[in-house]
Amino acid sequence: MSTKAKIEEMRLYVNKISKILADLEGQGQMVGNPYEGTLEFYQEHFFVPLEEIDNALPNVTCRHLDLKMDDFEAFLRDYLPWHEKIAKPLAHKKKLELFISFSLLGDRAFESYLDAAGGGFSYAGTLKAKQSHLQDMEIRDAVKKRCGPDVNYVESSLTSIPLEDNSLDAISSHHAFEHFQGSADMDFIREAQRILKTDGRLVLVPLFIARDYLEMTNLAEFSNWSTEEKNRLFDPTASLPGKKSGHFARIYNLAMFQERVLSKIDFSNFAAELVEVTLEGRPVPDPVVYATHKVSNFNYPYRAFMLTKTG
Ligand SMILES: C[S@@+](CC[C@H](N)C(=O)[O-])C[C@H]1O[C@@H](n2cnc3c(N)ncnc32)[C@H](O)[C@@H]1O
């Protein structure tokens with residue numbers, strides 16, 4: 001590591017410790033590190049209930065959706081027959097993310113469908129939609145092999161997607177939106193509105209809204225922040241994804257969700273919904289399933305953000 005990178009790493013450590021000390025003195029905004037600690041700690045200090053979001057964001061309709069196990073199993077059988085490659089547990093969060101978007105897209109998914117920032121796990125190949133696109137910066141040959149020759153592979157940034165205006169019925173993105181760096185979250189919201197047809201729908205799952213706006217990384221050299229220092233968290237222990245693009249995650253609070261996402265939506269032509277999901281009444285992810293393999297506290301509960309083109 002270069003001297004400059006070491007200094008930056010130390011500076012970020014000092015920043016993190018100062019924040020925790022300020023909190024202990026009752027001056028800070030954040031109470032420790034929301035990424036660490038117990039789920040109960042997270043829920044007490046960072047969790048924002050759906051009802052509060054509903055009251056605070058008049059342009060967003062909030063609702064609950066209870067998914068059924070029979071439908072989930074049928075989805076896995078028909079569209080993810082290779083799902084054990086993801087992980088053994090049936091109610092694994094990745095499988096559920098895919099099922100959540102599939103359920104919320106409805107029949108639109110069988111028309112023209114895009115999995116945005118699709119990475120390695122996608123139902124684009126098995127869906128047999130009239131037109132399926134799988135998009136990411138780079139798509140591995142193994143993924144192309146699994147999804148097959150009928151999928152159109154779009155290797156691009158999602159800040160500028162090479163698909164025509166008004167050309168898609170359905171877009172989903174799974175566990176990716178929170179990793180879009182710089183202005184990519186805002187740019188993607190604009191791009192999705194551009195490429196959706198009337199009655200077309202975007203589903204982002206999960207969507208994280210907490211008490212504090214936060215950008216975090218486990219990369220000492222990280223420089224692509226889009227927030228002031230008090231909202232930055234350097235956590236070398238965080239298991240954040242990212243290779244060439246860097247390891248990064250963004251958590252909104254209500255104000256920043258309004259500023260970065262909702263203010264970019266043309267509400268004269270789009271309707272926005274936030275859907276909190278359970279499976280047969282159990283939380284998603286289910287803390288029982290994750291009892292031995294902790295997932296980030298931010299994952300609770302799973303909520304999907306939907307934009308539907310009405311005009
Ligand atoms: C955590 S992975 C999720 C991948 C996949 N959707 C899944 O569920 O496994 C995040 C993905 O976002 C992609 N990504 C991040 N920023 C991007 C950008 N600006 N343009 C395109 N893809 C981006 C990464 O390449 C990565 O594949």
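This is a predicted model: local features need pLDDT of at least 70, side-chain atom pairs count only at pLDDT 80 or more; totals for chains, interfaces and linings use all residues.
Met216 stands opposite Ala249, a residue of strand β9.

As a reminder, strands in a sheet pair through backbone hydrogen bonds, in a parallel or an antiparallel sense.

Now the sheet itself. It is open, it has 3 strands, and the order is β8-β7-β9. The pairing is mixed. At the edges are β8, residues 232-234, and β9, residues 249-251. Each of these has a single partner strand, so one side of each has no neighbour in the sheet. From one strand to the next, the twist averages 20°.

Next, the chain as a whole. The count is 8 helices and 12 strands. The radius of gyration is 19 Å, close to the 19 Å from the globule rule for 311 residues, so the chain is as compact as a globular protein of that length. The C-alpha trace spans about 60 × 45 × 45 Å along its principal axes. Of the 311 residues, 35% are buried. On contacts: taking those with a separation of 6 or more, 68% are between residues 24 or more positions apart.

Last, the ligand. How many residues surround the ligand, and which are the closest? There are 19, and the closest are Ala117, Gly119, Ser157, His174 and Ala176. By type, the shell around the ligand has 9 polar, 8 nonpolar and 2 charged residues.

Definitions and conventions:
Residues are numbered from 1 along each chain as its sequence is written. A residue is near a molecule or strand if its C-beta atom, placed from the backbone, lies within 6 Å of it. Ala, Val, Leu, Ile, Met, Phe, Trp, Tyr, Cys and Pro count as nonpolar, Asp, Glu, Lys and Arg as charged, and the others, Gly among them, as polar. Helices (H or I, at least four residues) and strands (E, at least two) are DSSP runs, numbered from the N terminus. The radius of gyration is taken over C-alpha atoms; the globule rule is 2.2 Å times the number of residues to the power 0.38. A residue is buried if 20 or more other C-beta atoms lie within 10 Å of its own, exposed if 12 or fewer, and partly exposed in between; C-beta atoms are placed from the backbone. Two residues are in contact if their C-beta atoms, placed from the backbone, lie within 7 Å. Two strands pair if DSSP finds at least two bridges between them. Axes are lines fitted to C-alpha atoms, for helices over the stretch in contact, and angles run from 0 to 180 degrees between N-to-C directions.
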